Amino acid sequence: MPAVAGALGALLRFRGMGSRLPGAGGSRGRAGSDAGARFRCYRLSHRRLLRLRGPDAGVFLQGLVTNDVEGLMSRSRETLYGHLLNVQGRTLFDVILYKLHRSQEEPTILVECDTSLLADVQNHLKIYKIRRKVDISLCPDLSVWAVLTSERSTETSTDLEANGEKVLVCTQDPRTNVMGWRLVLSKIDTPLDVVPESCLGDIKDYHRHRFKLGIAEGVKDLPSGEAIPLEANLVYMNGISFTKGCYIGQELTARTHYTGIIRKRLMPIQLENSLAQGNIPEKAKIVTESGKLAGRFRNYDGDVGLALIRLAYANDPLHVLTTGDVHVRMRASIPSWWPKDENK
């Protein structure tokens, strides 16, 4: 793995946007002990990377992704979140894009996607490549990590420091500041050598964190070819531009936005009891006390998860139908980071 350009130096500092982001400072020695660790690093084995390299990389993605890739290419943004849609405007894949700023290379963008859909994403891109000057390849030598503030940390600094000699990408999560930071490293490296005062975290804790915040990620949360991007809070998560040029699936998405009619949203849910995986069938029905259909279950871990909820019933007592048609009480909630003054 080549070192990041010398201008970055041996230590990178990334400024956040609020006290809920990871802090930095203090000792810069190798970390890894749970006790006193300020950050927890999670290896996201459910996420993989594709590399797009060539002079047309940005223009090519601009016609496919819901967000405005021009900001990424002009260096005003380092990372973007967005969806790739089908022609009906349904989500096929959720992606995070990372622009690599290296003067010695052609324009290069890393595309983070669900591991189980890696081949599908690659084939989707190749279908629309046509004569674009862009090379699409896998990145088996790279790994994706998330960095969150440790629950034990009392620091409120909004800086994250990272060793620039090892890190390929270190950036604030583009979806919302409450999701911390994203790292891209060589598979032979560990974030314990990159992020001072850090330790490794259990991936289940990462998923529970995002469930509680209502953050969808991957095919279980966003069924390919079924999920509607605005119902998945794409606007709230900075994942769409309504001023960019045309892209595949734009028409239905724009029409839904400008009519302002969004009757369902993906929301965090809290189950009355913790349930083992498999107890709630895929797309299980969620009903009100009177038996009216209130939504569909998406994903969960223990007693927290995500569900697509009809907003008319979001504040009502709800039940999910588990295996054997057993009713389990649950409630939906509105995440604190959602905008308060509008319903996009």
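The legends below describe close-up views of a predicted model. Local features need pLDDT of at least 70 and side-chain atom pairs count only at pLDDT 80 or more, while totals for chains, interfaces and linings use all residues. Residues are numbered from 1 along each chain as its sequence is written, and side-chain values use heavy atoms, with hydrogens and water left out.

**View 1. The buried side of helix α4.** Helix α4 spans residues 203-213, and its buried residues are Tyr206, His207, Arg210, Phe211 and Leu213. These residues lie on the same side of α4, because they cover an arc of only 165° around the axis. The arc is taken from the directions from the helix axis to the C-beta atoms. Buried means under 20% relative accessible area, exposed over 50%, and partly exposed in between (1.4 Å probe, protein chains only). An α-helix has 3.6 residues a turn, so residues three or four places apart point the same way. Among the elements that cover the buried residues of α4 are β2 (39-43), β8 (142-149) and β13 (264-275), where contact means heavy atoms within 4.5 Å. Helices (H or I, at least four residues) and strands (E, at least two) are DSSP runs, numbered from the N terminus.

View 2. The N-terminal end of α4 is capped by aspartate 202, with a side-chain oxygen 2.9 Å from the backbone nitrogen of lysine 204. Just after α4, glycine 214 has a positive phi of about 80°.

**View 3. The salt bridge of arginine 38 and glutamate 197.** The two side chains meet at 2.7 Å, N to O. Arginine 38 lies in the loop between β1 (11-15) and β2, and glutamate 197 in the loop between β11 and β12 (198-200), 159 residues apart. Both arginine 38 and glutamate 197 are buried. A salt bridge is a side-chain nitrogen of Lys or Arg within 4 Å of a carboxyl oxygen of Asp or Glu, and the structure holds 15 of them.

View 4. Arginine 47 and aspartate 94 form a salt bridge, with their closest N and O atoms 3.3 Å apart. Arginine 47 is in strand β3 (residues 47-53) and aspartate 94 in strand β5 (residues 91-100), so the pair ties together parts 47 residues apart in sequence. Arginine 47 is buried at 3% relative accessibility, and aspartate 94 is buried at 4%. Aspartate 173 and arginine 175 also meet in a salt bridge (2.8 Å, N to O). Through shared partners, salt bridges join Arg47, Asp94, Glu112, Asp173, Arg175, Arg182 and Glu217 into one network.

Terms used: Polar contact = N/O pair within 3.5 Å; in protein donor to acceptor, adjacent residues only side chain to side chain.
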